Amino acid sequence: AAVCHPNSGGRDSGWRLVGHAQHQATNPSIRTHLECSASRARSSSAERASDPAAATCGPGPIDAVYTWVDGSDPVWQERKRAALQRLGLPAASPSNRSNRFANHDELRYSLRALETNMPWIRHIHILTDGQRPTWLNTDHPRIRLTDHRAFFRDAAHLPCFNSLAIEANLRLVPGLAEHFIYFNDDMLINRPLGAEAFFAAD
């Protein structure tokens with residue numbers, strides 16, 4: 001499952017997270033969204049990517065946001081070590097174990113599953129600390145690779161290794177849709193889902 005955050009930007013969006021079945025039978029707009037997502041699932045991947053309507057099912061344009069880190073990167077490791085030293089924090093602690101930052105290329109498979117089962121997503125924002133997956137096609141029109149520096153208002157708070165602090169600033173990501181779905185890189189969507197699984201207009 002993915003966590004869904006309405007990005008209000010100071011406005012009351014009026015949308016909330018709901019279960020899929022709760023409104024499916026009673027809300028005509030939800031049935032419309034279901035038909036929309038079913039139509040997308042029947043089309044080819046290339047057709048879905050080029051179809052402007054794919055981004056507007058449900059409450060309007062909906063983006064996906066991923067946080068990603070490669071803990072094996074020596075440059076990143078040194079940046080983390082220096083930050084801990086500057087703050088007087090131990091290099092090893094339960095909240096700072098290396099497995100919390102391990103990368104096993106889960107993002108690659110999560111993106112494949114997203115394209116297959118949620119093709120109506122408009123843009124995919126991947127947030128990193130100056131890193132890039134070597135296999136990622138950053139020229140793809142739907143991919144937005146964004147450095148933490150682009151959405152943290154105070155540069156003194158960087159580098160940041162706290163996922164909660166990063167999540168608290170998601171609403172400031174440049175170009176992010178008012179409605180977006182936040183994923184960790186190890187989340188996989190294993191069946192087709194429409195926007196109505198995440199948003200409802202009540």
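How many residues does H5 have, and how far does H5 reach from its first C-alpha to its last?

## Helix H5

H5 has twelve residues and reaches 16 Å from its first C-alpha to its last, which is close to the 16 Å expected at 1.5 Å a residue. That expected span is 1.5 Å times one less than the number of residues in the helix.

Now look at which parts of H5 are tucked away. Leu107, Ser110, Leu111, Ala113, Leu114 and Asn117 are buried, meaning under 20% relative accessible area with a 1.4 Å probe and protein chains only (over 50% is exposed, in between is partly exposed). They sit on the same side of H5 because they cover an arc of only 165° around the axis, taken from the directions from the helix axis to the C-beta atoms. An α-helix has 3.6 residues a turn, so residues three or four places apart point the same way. The cover over the buried residues of H5 includes E2, E3 and E5.

## About the model

This is a predicted model: local features need pLDDT of at least 70 and side-chain atom pairs count only at pLDDT 80 or more, while totals for chains, interfaces and linings use all residues. Residues are numbered from 1 along each chain as its sequence is written, and side-chain values use heavy atoms, with hydrogens and water left out.

## The whole chain

The chain has six helices and five strands. Here, helices (H or I, at least four residues) and strands (E, at least two) are DSSP runs, numbered from the N terminus. Read from the N terminus, the order is β-α-α-α-β-α-α-β-β-α-β. Of the chain's 202 residues, 43% count as buried.

## The cores

The largest nonpolar core has 23 residues, and Met118, Ile121, Ile124, Ile126, Ile181 and Phe183 have the most contacts inside it. Such a core is a set of buried Ala, Val, Leu, Ile, Met, Phe, Trp, Tyr and Cys residues joined through side-chain atoms within 4.5 Å. Strand E2 (62–67), helix H5 (106–117), strand E3 (124–128) and strand E5 (179–184) each supply at least two residues of this core. Apart from it lies another core of 13 residues, including Leu158, Cys160, Leu176 and Tyr182.

Leaving aside neighbours within four places in sequence, Ile124 is in contact (heavy atoms within 4.5 Å) with Ala64, Tyr66, Leu111, Leu114, Arg142, Ile143 and Arg144.

## A look at Thr146

Thr146 is found in strand E4 (residues 143–147). Is Thr146 buried or exposed? Thr146 counts as buried because its relative accessibility is 10%. Beyond its neighbours within four places in sequence, Thr146 is in contact with Ile126, Leu127, Thr128, Phe151, Val173 and Pro174.
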